[in-house]
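My entries follow in the order in which I made them.

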Amino acid sequence: MNWFLQFLTSSIGRKVIMSLTGIFLILFLIVHLLGNLQLLHDDGGKAFNLYAKFMTTNPLVKTISYLLYLSILIHAVQGWAIWRKNRAARGAGYAVKVTRAVNTNARAASNMGWLGTVIFIFILIHLYQFWLQMKLNNLPMAEYDGKTAKDLYAIVAVAYQNLGYVVFYVVSMAVIAFHLAHGFQSAFQTLGLNHKKYTPAIRFLGRVYAIAVPALFALIPVYMYLFMN
Amino acid sequence: MKLTLKIWRQGGKYKGELVTYQLNDVNPHMSFLEMLDVLNEELIAKKESPVAFEHDCREGICGTCSMVINGYPHGPQAKTTTCQLHMRHFKDGDTIVIEPFRARAFPVVRDLVVDRAAFDRIIQAGGYISVNTGQAQDANSTPIEKDLSAHAFDAAECIGCGACVAACPNASAMLFVSAKVSHLALLPQGKPEAARRVQNMVKQMDAEGFGMCSNVTACEAECPKGISVTNIARLNREFISSEFGSETQV
Ligand code: SF4
Ligand code: FES
């Protein structure tokens, strides 16, 4: 077999793929969050809609977005395959089993497959609700200073008036927080980046990220539900 | 001490089930294995088959005394093998569940005994140095940086017991393999074969059907020798750099 293929299909290679796509998704979330925070501008969606237009028409951003779809798919499919293989590796299970961990959350770490599945379902619903509507041109148009943009804000604002959806969104963010609490530092360990001097900082950053980013995401629908009627 | 034991029995008349035994007079100073010896004496006296379990040194260095005690490989005591675990860490009236290490790559032979030959095959794939490293004075004349020799020594503490596999939710052997790879790769004598070694050992590890590491770190938490997951990061580094940075391909 070609050496590169052999690497990619080895246990470590497969984990490296998980790590690299994971880090890409971590970076993406920051950009996504910065975009979403513009929903809080009390301008009837102007800033948000113009931003959404830029993100869907700029050729560079568009190229990166294809990479993003690919990453989500690879991370999910590969993650699912690894999960299955790992369950099979245990064989007959234990009657009693306690999992302790060092420097990570044992519960999150041993349930990455379940957490990931919930996140994947969330992403599908999320994409259907906003992204697909935008792609299918199901949105009304808005006009700002002579420039037209699809009014994505309109459907977001409606969704966030629905208490059920807000709760679903907040719970999904909590699941993402757990996934990241382990995933962030795990991505670095898989790449071999464990160092006496830097690892404590990576772990700290991972914890801050895992709490702050999902919390800010969750804050937006809650705020809009409560204060932007 | 009075104890209720629930022990996995497999082989002979047992299809594979937890069987309950009562022990009424356990001395708290006994080791866990001595407690099982007492149970086996009673079983033999009753003409029943004794519980099969592995043991050899009984001083924490051979790594054979594998069993999962109340959900913990080698019991709940940190950095302690089963043979070094004493009954004083349990309470009078306790129920103790004892199971074999569970991994598809470690098939159960009988009761608590599992076949860990998969580890031997991983070592055979590359866990050695094939050059003559000379006599003691030759080792002393090879300068090795203090931190490196300390890390190599820490990794060399691995006794190949397999508790890391038993503890890991993925039944991954990465901690064991990383300890063996690290201990040789860090030293000058191990360097010439390092690229080939890591590829061969990982290949064998994958072929044996162990799971893939997801950095749960349960291995380090349960390892009786406290082998650190920093070795797993080193294994990943060694593997990635030997794949991308050397001409070696196994
Ligand atoms: S790394 Fe620790 S738990 Fe794993 S085989 Fe070596 S000594 Fe046993
Ligand atoms: S019997 Fe040798 S380590 Fe326990």
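**Entry 1. The second largest pocket.** I am working from a predicted model. I looked up the second largest pocket and found about 940 Å³ of space in it. Its lining has 38 residues. I noted the ones nearest the centre: Asn194(A) and Lys196(A) from one chain, and His151(B), Thr230(B) and Arg234(B) from the other.

Which helices each supply at least two residues of this lining? In chain A they are H8 (163-190) and H9 (199-227), and in chain B they are H4 (146-156) and H9 (230-245). H4(B) gives six residues, the largest share of the lining. I then sorted the lining of this pocket by class and got 14 polar, 12 nonpolar and 12 charged residues.

**Entry 2. The chains.** Chain A has nine helices and two strands. Read from the N terminus, its elements go α-α-α-α-α-α-β-β-α-α-α. Of the 229 residues in chain A, 41% are buried.

For chain B I noted nine helices and seven strands. The box for its C-alpha atoms is roughly 60 × 35 × 30 Å, again along the principal axes. Chain B has 250 residues, and 53% of them are buried.

**Entry 3. The sheet in chain B.** I traced an open sheet of five strands in chain B, with the order E2-E1-E5-E3-E4 and mixed pairing. Which strands stand at the edges? They are E2 and E4 (72-73) of chain B; each has a single partner strand, so one side of each has no neighbour in the sheet.

I went through the pairings next. E1 (residues 3-11) and E2 (residues 14-23) of chain B are antiparallel and share eight bridges. Trp8(B) lies opposite Leu18(B) of E2(B) in this pairing. The hairpin of E1(B) and E2(B) has two residues between the strands, and Gly12(B) takes a positive phi near 65° there.

E1(B) also runs parallel to E5 (residues 95-99) of chain B, joined by four bridges. I noted two residue pairs here: Thr4(B) stands opposite Thr95(B) in E5(B), and Ile7(B) has Ile98(B) as its bridge partner. E3 (residues 68-69) of chain B is antiparallel to E5(B), with two bridges. Val68(B) is set opposite Glu99(B) of E5(B).

I also checked how covered E5(B) is, and four of its five residues are buried.

Is Cys213(B) buried or exposed? Its relative accessibility is 13%, so Cys213(B) counts as buried. Cys158(B) is buried as well, at a relative accessible area of 14%; the limit I used is under 20%.

**Entry 4. Ligand 1.** Cys158(B) turned up again when I listed the residues around ligand 1. There are 13 of them, and the closest are Cys158(B), Cys161(B), Gly162(B), Cys164(B) and Cys223(B). Helices H5 (163-167) and H6 (174-185) of chain B are the elements that give two or more residues to this shell. By class, the shell around ligand 1 has 11 nonpolar and two polar residues, and no charged ones.

**Entry 5. Glu208(B).** Where is Glu208(B) found? I located it in the loop between helix H7 (194-207) and helix H8 (218-222) of chain B. Is Glu208(B) buried or exposed? With a relative accessible area of 15%, Glu208(B) is buried, because the limit for buried is under 20%.

I also looked up its distance to Ala117(B). Glu208(B) and Ala117(B) are 91 residues apart in sequence, and their C-alpha atoms are 9.8 Å apart in space.

Notes
Residues numbered from 1 in each chain as written. Chains lettered and ligands numbered in written order. Predicted model: local features only at pLDDT ≥ 70, side-chain atom pairs only at ≥ 80, totals over all residues. Heavy atoms only, no water. 1 Å grid on protein atoms, 1.4 Å probe; cavity = no way out; pocket = protein on both sides within 12 Å on 5 of 7 lines; lining within 4 Å. Points joined across faces, edges and corners; volume = space filled by probe spheres on them. Nonpolar A, V, L, I, M, F, W, Y, C, P; charged D, E, K, R; others polar. Pairing = 2+ DSSP bridges. Buried < 20%, exposed > 50% of the residue type's maximum accessible area, 1.4 Å probe, protein only. Near = heavy atom within 4 Å.
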